[in-house]
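Here is a short note for a colleague who is new to this structure. Please read the points below with the model open.

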Amino acid sequence: MQHTHISARQSLFDLKLREFWQYRDLVWLFTRRSFKVSYMQTILGPLWLFINPLLTSITYVVLFGNIAKLSTDGVPQLLFYLSSHALWTFFAGCVTSNASTFTDNANLFGKVYFPRLVMPVSSVLSKLIHFGIQMLMVLVLLIWYAGKGMVAPLWQRWFLLPLLLLQLGMLGMGVGIIISSLTTKYRDLRILVDFGVSLWMYATPVVYPLSTVSDALRRLLRWNPVAPVMELYRRLLLGVGQVDGVSLSCSILVSLAVAFAGVLIFNRIERTFMDTV
Amino acid sequence: MQEQELALRIRGLKKKYRLGVINHSTLQAELQSWWAQKRGREDPNRRIGTEAKTDEQSFWALDGIDLDIRRGERVGIIGANGAGKSTLLKLICRITAPTEGEIDIWGRVSSMLEVGTGFHREMTGRENIYMNGAILGMSRAEIDACLENIIDFSELREFIDTPVKRYSSGMFVKLAFSVAAHLHSEIMIMDEVLAVGDMAFQQKCLSRMRQAADEEGRTVLYVSHNMNTIRQLCDRCIVLSHGRVIFDGDAERAIAAYLNESLGDNDVDMDLTVKPHFQKNASSGVSMTRLRLVDKVTAVYEPGEDLRLLLTLEISEPVPPLYFRLTLRTETDLGLATAWSQPLPMEHRGENTVRLILPIDSLAKGCFYGSIGVYRSDELGRMLSFDHITHAFKFEVSGLPVWNVDAHGYMHLPQIRAECET
């Protein structure tokens, strides 16, 4: 029979991963639920998953491509913005959806126990599915343009894509749950999140390639752990992008550290946050 | 006690809550305090007149609980509001962590701290069953195995694929309870869930819980203010007061201990403003403020003595003639008898004192609780309550030593007319 020991003293590194594994069905159910619930009682239903990124990308084409005349390194503009937007939304989604884990679920957390980490992991999964759906659109465009010889994807390196998504997912979740852990105490951080994430987008080569910025600015952008991932992603997908080993390995290290720290803090806060919310 | 027989072991459990505003609410204030401290200045966010740092208002919701619960026991937990009942359950359910002490649990815990835990309004009944099961840590296969039982028990087969937002509150409770009662958990925790739902379903739930304990060896922890359901369900009962266990044992005696504790000992002058009133609406115009037992030092009555009360009322607006009601309850909180007064016109507003005299020569012996109420009568002769206090006072009738309450009961009845049949 299952034995549970609850003690006032708990090691900081006791992450209860075995227990988490027991609850894997719950992760999947939460993922499905958030998916299902968000398109219930809407006219277009899951079609929004396509309409939304498409409209945003078209806006980018008009705004950044035609008016601001930003370069896309020779890649067809729609494809460039659509694919960059997909990856950025995945990352931003991981941050924002996790940033309010504790406050959004206070009601549920206050009544029943399950490993709280289930929530962040399932929201990363559901963002991943969103990303996958957007990728279908990107693929259609990609094959079309590749057939016409306008882009040269590095097909044989695509096995790196899942790793890249894993890294971004970890980074996004880490940042998100650190914020959510702090918001149990400091409510004002919540306001900062939306603002911060949109600023972060401009500090990341999403609507422009890294190759167009000045050297000084590029040195600055190297500190942004999302930047090299974005460039690598476009390199694999579209055949353009500047990837250097140093900043990429830094970004990987930062992601790992943030995710680990996030889980530690989360685990700590989770024990008693019901008393402060 | 053998470890393998135990379902739950609690040692030295304490839980501290901070009172008042928890922490500084903004990061700015926190930084300000920290910066001031660094420079050796006064903390600008500290309340004036309090000591730095150490002075933190807190109270112990649980103050050292030790408990062993064997497998298959049905344990009731009672206590006044704020005694620590819900905190104890929350710690056992791992919703929050203890400040000190340890809990060992053998088996899975399913909690019904509130109805429909984890239900999502947009999802169908069936989906919610899966969700709820998964929250308890069950796998899909395990839930599949008991899905049919749950649907049958809930009496909601036709509606099982309807989103639960279309359910009535009664249906919602039925589904929620059915899920909790059938999912594979070794320990069931219930907090006042039976308050909703129709009578027939309540009875069904109680017998289901008893069955779960007796036949499947599941342990039941049940918190309620309803002494009758405690009496029906539990074979052991724990009384909590101010975060400590003050009684642990048989349910009837626990109920007596709880009532005794909540009322103080045979008081003769009671401030009713601090007791829980049962008022239909707060602005009813009449409220009871003070109750005295006339000419008594302790609330002990000789057989044949009258119960004489002085009741102080606060009347804020003109009222029709008032009817007074006294209901006597036994030591274990069973209703015994009710008496009404004639209508009494109340002329003055403000404070009024009423003398109530009730002959209690039919009470033979024992401890009794008195509930007191003020009513008015409507055009149809129905009684409408202004103010009512259950367990307002307590008294004892000393009685004859040979009278045994368990064997003879609480009351004398009038003499039997015996006649020879010719």
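1. Start with the two chains. The model is a predicted one. Chain B places 38 residues in contact with 32 residues of chain A.

2. Which elements of chain B supply at least two residues each to the side that touches chain A? They are strand E4 (100-106) and helix H3 (125-135). E4(B) gives the most, with seven residues.

3. Now the make-up of that side. The side of chain B that touches chain A has 16 nonpolar residues, 13 polar ones and nine charged ones.

4. E4(B) also pairs with a strand of the other chain. Its partner is strand E1 (residues 3-7) of chain A. The two strands run in the antiparallel sense, and five bridges join them. Look at Ser7(A): Glu102(B), in E4(B), stands opposite.

5. Turn to a helix pair within chain A. Helix H7 (residues 118-147) packs on helix H8 (residues 160-183) at an angle of about 135°, and their axes are 10 Å apart. Angles over 145 degrees would count as roughly antiparallel and 65 to 115 as roughly perpendicular, so H7(A) and H8(A) are oblique to each other. Their crossing is right-handed.

6. Which residues make this contact between H7(A) and H8(A)? H7(A) brings Pro120(A), Val124(A) and Leu128(A). H8(A) brings Leu165(A), Gly169(A), Gly172(A), Met173(A), Gly176(A) and Ile177(A). By class, the contact of H7(A) with H8(A) has six nonpolar residues, three polar and no charged.

Notes:
Residues numbered from 1 in each chain as written. Chains lettered and ligands numbered in written order. Predicted model: local features only at pLDDT ≥ 70, side-chain atom pairs only at ≥ 80, totals over all residues. Axes fitted to C-alpha atoms, helices over the stretch in contact; angles between N-to-C directions. Helix = DSSP H or I, 4+ residues; strand = E, 2+ residues; numbered from the N terminus. Parallel < 35°, antiparallel > 145°, perpendicular 65-115°, else oblique. Left-handed = near helix turned anticlockwise from the far one by under 90°. Contact = placed C-beta atoms within 7 Å. Nonpolar A, V, L, I, M, F, W, Y, C, P; charged D, E, K, R; others polar. Pairing = 2+ DSSP bridges.
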